Amino acid sequence: MKIVNQWGITISIIIFTILHFYTYFYENTILLNLLSISGMGIFFFAVIIYTPPKIKMPFGLFIVGMIILIFSDTSMIQGVMNGFLQMRNIIGLLVIVPMISWVLREEPYLEAIMGFGHRLLNTSRKFYFGIISFTQIIAYFLLFGSIPMMYQFVNMILKDEKGEAWEHFKGTAVLRGFALSVMWVVSIPSFAFVVETMDANLGITIMQGMIVSIIGIFVALIFSKYEEKKYGVNLTAGLTTEIEDLLSHSSNKKEMNRNVIEFAVLFISLFGSIFILNAFVKVELLILIPLVVMVWIVTYYVIKRKINNLFNNTKSYVQKDMARQSYQLCVMLGAGILIFALTQTGFASFVVNGIYSIQETLPFLNVLYFLPFMVIILGFVGLGPLTVMVLVAGILETIYLPYPPELIVLVITLGSSISILLSPVLMPIIILSSANGLSGFKNGVLFNWKYALVIYVLVMGYVQVRVYLGW
């Protein structure tokens with residue numbers, strides 16, 4: 001029975017994904033109904049596999065949405081059919097984007113980059129800069145997977161360095177790097193979704209996110225300097241010894257240089273193709289990204305003459321990994337039901353009236369001050385960045401806000417970034433805590449609250465200056 005359920009959910013995901021892309025270009029009522037039914041299949045089999053107590057979040061979103069539909073006098077059947085289509089774009093993205101990691105695991109790219117740039121990483125400050133920066137690039141390929149991969153990579157280099165000072169050094173570099181990436185990395189589903197939903201200019205949004213990221217990196221370097229002094233440990237001395245030991249066992253220089261060049265080409269080709277095509281092709285970003293990713297992956301394996309590896313990875317993904325995506329897909333399906341149900345009520349008007357009431361009471365504050373806290377609070381009750389983005393952006397889409405959409409995206413992603421830094425119940429800190437053995441509260445709030453506060457003040461300062469000047 002377990003095998004039947006596993007294949008049931010896998011087939012439902014495959015059908016949903018294929019129909020999603022096909023009906024985007026060739027709309028057909030019958031196929032759209034089949035798309036909704038395959039969404040029901042994903043949800044149904046996930047409930048059987050996990051049982052309701054283990055999928056409280058998606059099940060809760062679904063139940064709340066159904067209750068709202070009942071009281072909104074909307075047809076239940078129509079509400080469910082439309083609700084399961086509400087998040088179709090993000091579900092297609094979630095199924096395809098994880099495949100990017102196949103390419104990164106084909107060659108020892110990380111080790112090659114470490115060997116190539118070791119002279120630029122030979123002090124604790126330079127090394128911290130390298131890790132926090134490179135985590136963001138790896139996030140482009142691995143999303144959340146960049147956290148354990150980068151932590152294990154750093155751990156491999158610093159294998160003999162133990163203690164809280166070293167765990168603080170490693171953990172904050174990786175976590176802060178990933179938190180900054182959600183503000184500009186286009187392959188991260190939460191970022192792509194909010195850009196698409198708010199109809200923001202992709203180039204401007206990425207540029208301002210990258211600027212915030214660069215500032216955030218230098219703020220992190222300042223913090224790391226004082227944190228190292230507080231622990232009273234000479235991290236540079238231990239780091240130099242470990243790097244020298246690593247280089248003594250590294251592969252030949254020619255192969256290393258080839259892998260570095262290859263990695264640079266991979267990053268530029270993926271990032272550049274999405275950016276350029278988005279400017280010239282009239283296809284929604286959430287559709288464009290997975291299509292580009294699929295072509296990019298196939299092209300890589302054809303050029304490398306590793307078609308067998310592509311076949312093996314695809315087979316493994318379909319048989320094992322695709323079903324593991326079911327929880328996240330169910331969250332999106334449940335959120336879709338809830339958002340569609342809310343659009344059938346006066347909820348948007350209620351939110352707008354609430355915003356105006358706050359501004360009348362506190363005229364020196366505007367809604368952009370509060371949006372990050374909506375995301376942060378939801379993050380602390382266990383809703384992941386993507387779920388929060390879907391809910392918040394889905395609501396804001398129905399509300400008129402007199403601000404540039406790029407600013408709205410920035411403040412929402414700021415909230416997401418801070419919740420990743422602080423919330424011990426979100427996946428990034430859970431993953432990090434399982435790797436370094438420290439509590440989620442220590443990895444999150446204790447290590448990062450001052451840093452998060454500074455980032456909030458800096459970004460909000462920029463946002464409010466732009467609002468004041470009317471840019």
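**Pocket, cavity and salt bridges in a predicted model**

The largest pocket is lined by 39 residues, and those nearest its centre are Phe 144, Gly 145, Gln 325, Gln 328 and Met 427. The structure described here is a predicted model. The volume of the largest pocket is about 1100 Å³. Its lining draws on several helices: at least two residues each are supplied by helix 5 (88-96), helix 6 (100-104), helix 8 (124-142), helix 11 (189-197), helix 16 (307-324), helix 17 (326-343), helix 20 (385-396) and helix 22 (427-436). Helix 16 gives the most to this lining, with five residues.

The structure holds one cavity of 30 Å³ or more, and the largest cavity has a volume of about 60 Å³. Its lining consists of Tyr 128, Ala 165, His 168, Phe 169, Thr 172, Ser 224, Glu 227, Glu 228, Tyr 231 and Leu 235. Helix 10 (164-181) and helix 12 (202-231) each supply at least two of the lining residues.

Glu 227, one of the residues that line the largest cavity, also takes part in a salt bridge with Arg 176, in which the closest N and O atoms are 3.3 Å apart. Glu 227 belongs to helix 12 and Arg 176 to helix 10, so the pair ties together parts that are 51 residues apart in sequence. Glu 227 is buried because its relative accessible area, 11%, falls under 20%. Arg 176 likewise counts as buried, at 0% relative accessibility.

In total, the structure holds 10 salt bridges. Side chains of opposite charge can pair when their charged atoms come close. Another such pair is formed by Glu 107 and Lys 304, with the closest N and O atoms 3.1 Å apart. This pair links distant parts of the chain, 197 residues apart: Glu 107 lies in the loop between helix 6 and helix 7, and Lys 304 in the loop between helix 15 and helix 16. Glu 107 is buried, with a relative accessible area of 16%.

Arg 324 counts as exposed at 59% relative accessibility, whereas Asp 321 is partly exposed, with a relative accessible area of 26%. Elsewhere, salt bridges that share partners join Glu 106, Glu 107, Arg 258, Glu 262, Lys 304 and Lys 306 into one network.

The loop between helix 6 and helix 7 (109-116) also contains Arg 105. Arg 105 counts as exposed because its relative accessibility of 55% is over 50%. Between Arg 105 and Leu 235 there are 130 residues of separation in sequence and 30 Å in space, taken from C-alpha to C-alpha. Leu 235 is among the residues that line the largest cavity.

Helix 15 comprises 19 residues (285-303). At 1.5 Å a residue, this helix should span 27 Å, and its end C-alpha atoms are 26 Å apart, which agrees with that expectation. Its buried residues are Leu 285, Leu 286, Ile 287, Leu 288, Ile 289, Pro 290, Val 292, Val 293, Trp 296, Ile 297, Tyr 300 and Tyr 301.

Helix 15 is followed by Arg 305, which lies in the loop between helix 15 and helix 16. The phi angle of Arg 305 is near 55°, a positive value in a residue other than glycine. Arg 305 counts as exposed, at 75% relative accessibility. A positive phi near 55° is also found at Asp 199, again a residue other than glycine. Asp 199 lies in the loop between helix 11 and helix 12 and counts as exposed at 65% relative accessibility.

On the surface, Ile 63, Ile 67, Ile 70, Phe 71 and Met 76 form a nonpolar patch, with about 490 Å² of accessible area together. Helix 3 (residues 56-71) provides the largest share of this patch, four residues. Ile 67 lies in helix 3 and is partly exposed, its relative accessible area being 41%.

Terms used: Residues numbered from 1 in each chain as written. Predicted model: local features only at pLDDT ≥ 70, side-chain atom pairs only at ≥ 80, totals over all residues. Heavy atoms only, no water. Expected span 1.5 Å × (residues − 1). Buried < 20%, exposed > 50% of the residue type's maximum accessible area, 1.4 Å probe, protein only. Patch = residues over 30% accessible without salt bridge, like charges linked within 9 Å, V, L, I, M, F, W, Y side chains within 5 Å. Areas by Shrake-Rupley, 256 points an atom, 1.4 Å probe, with all protein chains shown as cover. Salt bridge = Lys/Arg side-chain N within 4 Å of Asp/Glu carboxyl O. 1 Å grid on protein atoms, 1.4 Å probe; cavity = no way out; pocket = protein on both sides within 12 Å on 5 of 7 lines; lining within 4 Å. Points joined across faces, edges and corners; volume = space filled by probe spheres on them.
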